[in-house]
Amino acid sequence: MEKIIEGRVLKLGDDIDTDSILPGRYLTLSEPEDLGKHVMEGYDLHYKDKIQEGDVIVAGSNFGCGSSREHAPIALKAAGIQAVVAKSFARIFYRNATNIGLALVEAPEGPDDINEEDIVELNLEEGTLKNETQDKEYTTTKLPEFMFEILENDGLINYLNKTRFE
């Protein structure tokens with residue numbers, strides 16, 4: 001994963017829960033591609049049709065609240081979402097997303113100003129979010145090096161397998 005992510009914004013509000021991201025009826029699915037086909041169905045049955053490979057979700061507070069299942073971040077990643085920027089995340093969702101290699105970044109100030117389909121540039125190393133459409137820049141959390149390494153290796157298991165045998 002690059003330390004700089006650029007993408008088109010899909011905008012969501014506060015308290016987007018894991019059932020909105022992936023309804024519980026799909027928990028019997030295990031392949032990421034199958035999960036990705038049903039992403040955001042609990043929020044809007046046709047939301048997935050809006051998603052393009054490389055999009056960045058920008059949301060409000062408490063993104064990923066609800067259950068502790070990993071299916072929700074897997075579905076987002078499989079659908080083509082490369083990062084989620086939010087004011088805050090549910091802690092277990094944050095951990096699950098990191099474990100599967102989906103970049104999450106907190107930006108307390110930016111999400112309210114950013115609009116659907118704006119183009120943003122997220123610098124994971126410097127902790128900045130630039131709205132290229134509006135020419136505005138915001139501060140985000142910086143990812144510690146070990147977390148970036150997990151993302152770079154497409155998740156915790158791949159990271160551990162690589163570092164354990166080096």
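A residue counts as buried when its relative accessible area is under 20%, as exposed when the value is over 50%, and as partly exposed in between. The exercises below use a predicted model.

**Exercise 1.** Describe the make-up of the protein chain and decide how compact the chain is for its length.

Solution. 
- Step 1. Count the elements: the protein chain holds 6 helices and 7 strands.
- Step 2. Compare sizes. The globule rule gives 15 Å for 166 residues, and the radius of gyration of the protein chain is 15 Å, so the chain is as compact as a globular protein of that length.
- Step 3. Turn to burial: 49% of the 166 residues count as buried.
- Step 4. Consider contacts between residues at least 6 apart in sequence; of these, 66% join residues at least 24 apart.

**Exercise 2.** Is D113 buried, partly exposed or exposed, and which residues beyond its sequence neighbours does D113 contact?

Solution. 
- Step 1. Locate the residue: D113 sits in the loop that runs between strand 4 (103–106) and strand 5 (119–123).
- Step 2. Set aside neighbours within four places in sequence; D113 is then in contact with Q134, K136 and Y138.
- Step 3. Take one of these partners, Q134. Q134 and D113 are 21 residues apart along the chain, and their C-alpha atoms are separated by 9.1 Å.

Key. Residues are numbered from 1 along each chain as its sequence is written. This is a predicted model: local features need pLDDT of at least 70, side-chain atom pairs count only at pLDDT 80 or more; totals for chains, interfaces and linings use all residues. Side-chain values use heavy atoms; hydrogens and water are left out. Helices (H or I, at least four residues) and strands (E, at least two) are DSSP runs, numbered from the N terminus. Contact means heavy atoms within 4.5 Å. The radius of gyration is taken over C-alpha atoms; the globule rule is 2.2 Å times the number of residues to the power 0.38. Buried means under 20% relative accessible area, exposed over 50%, partly exposed in between (1.4 Å probe, protein chains only).
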